[in-house]
Structures are given as structure tokens and as C-alpha cells.
Amino acid sequence: MAKNLVIVESPAKAKTIEKFLGKDYLVKSSYGHVRDLAKKNQGIEIENDFKPVYEIDSDKKKVVTELKKLAKNAETIWLASDEDREGEAISWHLVKALNLDQNKTKRIVFHEITKQAITEAIKNPRGIDENLVNAQQARRILDRLVGFELSPLLWRKIKPSLSAGRVQSVAVRLIVEREQEIKKFKPESSYKVTAIFHLSKDGKNHQIKAELPKRFKTEQAAYNFLEKSKEAEFTIASIEKKPGKKSPAPPFTTSTLQQEASRKLSFPVSKTMVVAQQLYESGQITYMRTDSTNLSNMALSQAKKEIIKDFGEKYSKTRQFATKAKGAQEAHEAIRPTFLNHREASGSQDQKRLYELIWKRTIASQMADAQLERTTVKIDVSRAKEQFIAKGEIVKFDGFLKVYLESREEDDDGEEEKGLLPPIKEGEKLGLEEMNAIQRFTSPPPRYSEASLVKKLEDLGIGRPSTYAPTISTIQKRQYVTKGVSEGTQRTYQVYTLKGNEIQKDPSSEKTGADKGKLIPTDIGTLVTQFLLEYFDNIMDYNFTAKVEKEFDEIANGLKKWNEMIREFYGPFHEKVETTLQNSERVKGERHLGIDPKSGRNIYVKLGRYGPMAQIGDREEEEKPKFAGLRKNQSIESITLEEALELFKFPRELGEFEESPVTVSIGRFGPYVRHNNKFVSLKKEDDPATITKERAIELIKEKREKDKNKYIKTFEEEGIQVLNGRWGPYISHKKKNYKVPKDKEPKDLTLEDCKKIISEAGTKKKNSRTKKKK
DNA sequence: CAGTGAGCGAGCTTCCGCTTGACTT
């Protein structure tokens, strides 16, 4: 039995550290937090000065039992969780949950996983920082109180199963408000004038592209300028050269990795994290949930070596970047390759691509600035006071650009052409090849993508590296926001071209308003946000997190008692929850669309128990009102009377097939065909309003074919079935499912085999999360 | 997941932050 037990948070980290420490040390992982507030009764005794009630997570029982046993037999237990608020609390919870003897327990911390850092840490143990632990408890309790009092309020006032919280509700607010700005936005057009000049010199014909810095407000003004330019002379008025430089971006944090992987590799935020986790677990990159841009000394010297080897001494510039994120806790390094001399990752294509991005970003961050020369040329127009401007940029020394350039999310509309300018002198005359006046529209602020929302949240200090991806998925799961699917619509714009002394008008068109993959609020998201803003503007404030963080810091510094802070917050908060419960109306977002021309009854749209719906008729009328759910791409806010009337044309009878009626209708999960009590979803390309009986039958037959492959074996009497599922073959028995072991051929399973699998799974299941709800 | 929306009522939903497999149809 090892004399020393070291406990860290992550198993991958445990494996690495064990190698450094030798055989006297056993390194194990707690897998994050081992205890949390109890689920029932909020897990807080409010009347008892907010005393938290902790319980060991059901899926952590096994870990705790094992650690307990190991701790008993160890001489010294080293708690090596991260050096931040959560890490300190993890250590404290371990002391409590494992019932550790204070005398043989030591707390150590290190920021990088190197032999030196770890042996150094072992030499400098300390006790647990109770103040820091209390700051964490305050954070945890505040989040629980906010979440578990606001959510039930939403169930009562808006719709069941909704949720609210310090982080998610503000994330949704950002998206809702951005959408409102976009709706309010009225594009204005102006005319941008560009010109291509030519110059013959040294027997060569050179081109210079230039643009007017000012834009013309009206078509007429732009036309007039072109008219004036017909006979004009163009002269180089001035040439100005200025040195410039570009510096590399800092190494990746979780948030910047998510942004770049989204822009350069089109990875959703969740995919980036999954792939990064794989790279981490195979020891190829450092920890992927970090807010630090710091690199270890070892990494710095490795980077230097690689850069000098590849590009030479003058490309190397060792830098350390200050972390600028609000509330950063910096318990880890930046995300970097474990070994910078590994140029390529082993593993899947996705792993290779993400690794390459990380490698380049890390290396570039340790390279010299790029040196540029920027040239601005002004060109006079003899018959007008306006001047054209041509810009050139020469890279004098490429520096880090050799390896990596950070990308930008939005393409700048006014992106000027930059490049090499021909050799020119002041006073030289230029010929005009072509001049264009192009109508340009101002654009509304862009919708958030997953990655740009993460960036915004990080800027506001809301959320942590471990929660960015889950938050994004929560607000989608609650149907507060959805991802857009529109490629945009065509918009025509005017183009005037002056060429060979003639002006021609030639309209062109462009796509505008594309929202594919962007986050768009739903009716529910908008209504919930409005509701919360009305009654809980303090929690919806973009600075709420920053404010409470300041108080957590005071608690961590021993300047404030945690339960005092919570009491000050909870008093007015809880009262507001109570009064809102009593006094506020149920939120329906109801809109009267008009009158049904057939029946003369009122038509409304509003939020129902299952989501947005349309309604014909009033409840007081003799004939009961009829209801129909809105389609996925429709919203209470924008649906028209005509569109609402369409919804009531379902279910539609298509005729008979095999002596049973075939109907098409629209349900919770979209349009479907119903036949013999069987349901078949329509495909994307099918329109429920026009689908024919033939097509419907085709779909039914397709489904039958698919179902045929679903059943591998059936034991009728016992009610046991062997089926093919999304995750491979499984056994179904009494509505519970069991995986077929990999070493068994599902076709050859006997009844005894199945029974055995079922009973064995039963014993194993006790330890895992069985509470899985449907 | 299941293809509804009257009304009644039981029983359920929910937070943020740490961390991985287990989970599923």
C-alpha cells in the first residue's frame, strides 16, 4: 500500500502526475465535485441561517467509497485540486465526505504539470482556506436560490419545465435584445465609389485600385460625380508611407479556442470541447477548460527551440500574455500542445485539425511581430474636390504571420483592397480604366453565433470555461433560442459604371439577412426575458454577476460573512418572488390576429401549455374554441392571419390505403402521416399542405422497411425483444433497455442469455444514475 | 418524446460548476 495518496480533479491529470512522483505515491481522481446541495427542499435550511445540506452525488458514491478506503490506509493524503474557489471547495468536500483526519491531510497546489512544479508543491503544503471555501458556498447557494425560486415561478406564470438562472437568463437576454435591435434597424443606402486607374511605365501597364473615402447619400449625387469624372484628369497628389506592425494573439483559453474552432473549422462549441477532451485524455494537449493565457517556462523554452529550428533566431520572441478576462481564476495554463515538437496529433481527422490550430496558435504567440509598410496614396480629380485614396501594404518581415493569423467573425463590408502598389511618384497622371458607383446598405448588428455569445459572456464575466458549452445547449434545450436556417433573401442594388466615357446602369443583387446557424430567440425566450426583466431586473442586469463576484471576493478575503451576504440578497429577492407569484398575470403573449372569414369568430395566437398556438373562437362561445400549434419556423410575433388559417386545415384526409384512411397532420414534432394508428414523419422536402396520397404511401412503406430491421428476435411470453437501435443492438424488457455485450452475436441470443443480461444489469444499475427520467 | 390545448389534480420540472463515462431506442 502506498504511503501517500494524492487526489486531483481529473483522471488524466492523475495518470501524468503519478509518473512524476514514483511508487510511494498513489494518485487518484475525485472526478470534480463529490458532494452538492441536496435536490429536495432546495438543499438549504433557509431559516437556519442558510445552512447548506450536502449529499454525495449518486454517481460519485463509488469514487467516494474507493477514496475513503485508500485514505484510511495512507499515511498522508495530499489534496491537490485546483487553486481556485471551486478547487478549494472540492478539497474541503473531500475532507468531509471521506472523513479525513486533519493531521494526516495536506493541501497542495500547482499551476503546471511538470515534475518540478509538483515536487515543489509537495514541499510547501498548507491547510484548507476556509474563507475561499465559504466564498464558493455563497456562490453555490446563491445560484441555487435564484434558480430554484425563479424556475417554479416561470412554471406557474408561463409554462412548465422552464428554467431561469444567473447565467442562462442573461445569455438569453443578450440574444433577445440583439434581435430587437435587428428588428428596429432600418437599412440606409449610400453610394460607394471605386475606381481602377492605370499607369504605363517601364513598358508595363500597372493598375491601381482606389476608393472615395466619402459616400454619396443619393443616387443622383453619385451619378453626378461619375458625370463630372468623364472628362477629368487624375493626378497623384501625395504618397505617404508609414511603418506598421501586427502582433500575435495570445495562446488559447477555452473561450478563444471555441471561437477560432467555430470560425476556422466550423465546429459547434460542444464539438470543440469533445475533441479537445480527447486530445487531453491522450496526453496531447494541456487542460482544455481554462481562462488563463499563461504558458509554463518549459513550454516557452520548447516553443523558442522549435521556432529557431524552423525559422531562425529572429522569428523568436518570448512573450507572456496578461489574462484580461473578468474574474479569471487562472488555475491552469493556457491550452497548448503538451509537446511542441509534436507537429501532428495522432487520432481522428477532427483531432488532427484542432491540434494543428492549437499548435499554430501557441507557436505564433511566441514569434516576432510582423513588420509592415503601409502606403496611402491620394489622387486628385481635376473637376471635383473629392480625392481618391489607394492603400497599399507590404509585409517587410512576416514574423508570426508565417504560422497563424487570427480570423474575424464578421466580414467587414468596407474591406479595402490592400496589396502592392506600383512604383509611382507625386504629380504623375493616371488614366481611368473604370469607375463604379455601387449602392451599399448599412447592416444591423449581427446575430450571435454560439462562439460569439461565449465571447460576450466571457467579456461580461458571466459563466466559466466549464459551463460555456453546457449553457449554450441549455438555452436551446429549453427552446429559448434556436439556430436560424435561412440563407437570406436577395436584395437588388444599383451599380453605375463609367467606362470609355459612358455611364451605364446595371443593377445587381446580393444575399442579405442570412441567419443560418445564428442564435434567434423564440416566442418563449422573448416572453420569459420580458417577464424576468419586469420583476427581476437586478438579476437580469449584465453586471449582476460582476457585483456578486465582488462580494464573493470579500468573503474569500475574510472581510465578509457568507451567510450575511446571502441574507442581504435573499430577503428582498424572496419577497419579490412572493409578490410576483401573488400579483402578476399569467404571461400568454396573446395577439388578436383578426376574424375568421368563414365563421366570423376571433382568431388569436398565444403561448399555450405546449408552446405557441393559434385559437379560433372564444371560450365563452357555445362552440368550443379550436386550437392548432404553430409550426417551428413561425412565431406569435410575426405570424399572419392567412398563415394561422392554414394551420386549421389539418388533419387532411388523403384517401384510403389498405382499407384504412391516410391522414396528414401537424404535431409536436412536425408534420406526419397517420395510417392504422402508425405515425410517419414527413421529410423536409414534403409540404403537408400539398403532399399526395402516393407520396404518403411511399413514406409508410419506407417506415415499414426500416421497422423490419428493427426487430432481431422476440420471446413473446416473456415480453423480451432483441432490437436494433441507434447505439447498436439492445434488449428490451418491461420498458427497460439493456445493452447487448459486444462479445455476443445478437442473432444467436437465447432466452437464457437475455434473462442473464437483464438480471446482471439489474445489480450493476444500482450504482449508476437510475433516476433518469423520460 | 408522441401527434395534445375543457377542467381537475397528482406529481414532475429547475440552478451553476467541477469532472467523466453511462445512457439511450
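Does Thr714 count as buried, partly exposed or exposed, and at what relative accessibility? At 40% relative accessibility, Thr714 counts as partly exposed. Here buried means under 20% relative accessible area, exposed means over 50%, and partly exposed lies in between (1.4 Å probe, protein chains only).

## Basis of the model

This is a predicted model: local features need pLDDT of at least 70, side-chain atom pairs count only at pLDDT 80 or more, and totals for chains, interfaces and linings use all residues. Residues are numbered from 1 along each chain as its sequence is written, chains are lettered from A and ligands numbered from 1 in the order in which they are written, and side-chain values use heavy atoms, with hydrogens and water left out.

## Thr714 and its surroundings

Thr714 sits in strand S29 (residues 711-715). Strands (E, at least two residues) and helices (H or I, at least four) are DSSP runs, numbered from the N terminus. Setting aside neighbours within four places in sequence, Thr714 touches Ile720 and Gln721. Contact means heavy atoms within 4.5 Å. Ile731 is 17 residues from Thr714 along the chain, and their C-alpha atoms are 9.6 Å apart.

## Helices H8 and H12

Helix H8 covers residues 254-265 and helix H12 covers residues 450-459. Their axes come within 8 Å and cross at roughly 160°. Axes are lines fitted to C-alpha atoms, for helices over the stretch in contact, and angles run from 0 to 180 degrees between N-to-C directions. H8 and H12 are therefore roughly antiparallel to each other, a term for angles over 145 degrees.

From H8, Ser255, Gln258, Gln259 and Ser262 meet Ala451, Val454, Lys455 and Glu458 of H12. By class, this contact has 2 nonpolar, 4 polar and 2 charged residues. Ala, Val, Leu, Ile, Met, Phe, Trp, Tyr, Cys and Pro count as nonpolar, Asp, Glu, Lys and Arg as charged, and the others, Gly among them, as polar.

## Salt bridges

A salt bridge is a side-chain nitrogen of Lys or Arg within 4 Å of a carboxyl oxygen of Asp or Glu. By this rule the count is 52. One of them joins Arg336 to Glu333 at 2.7 Å, N to O. Both of these residues, Arg336 and Glu333, are buried.

Arg695 bridges to Glu685, with the closest N and O atoms 4.0 Å apart. Arg695 lies in helix H19 (residues 693-708) and Glu685 in the loop between strand S28 (678-681) and H19, so the pair ties together parts 10 residues apart in sequence. Arg695 is buried at 18% relative accessible area, whereas Glu685 is exposed at 63%. Arg695 also bridges to Asp686, at 2.9 Å between the closest N and O atoms.

Methods
Angles under 35 degrees count as roughly parallel, over 145 as roughly antiparallel, 65 to 115 as roughly perpendicular and the rest as oblique.
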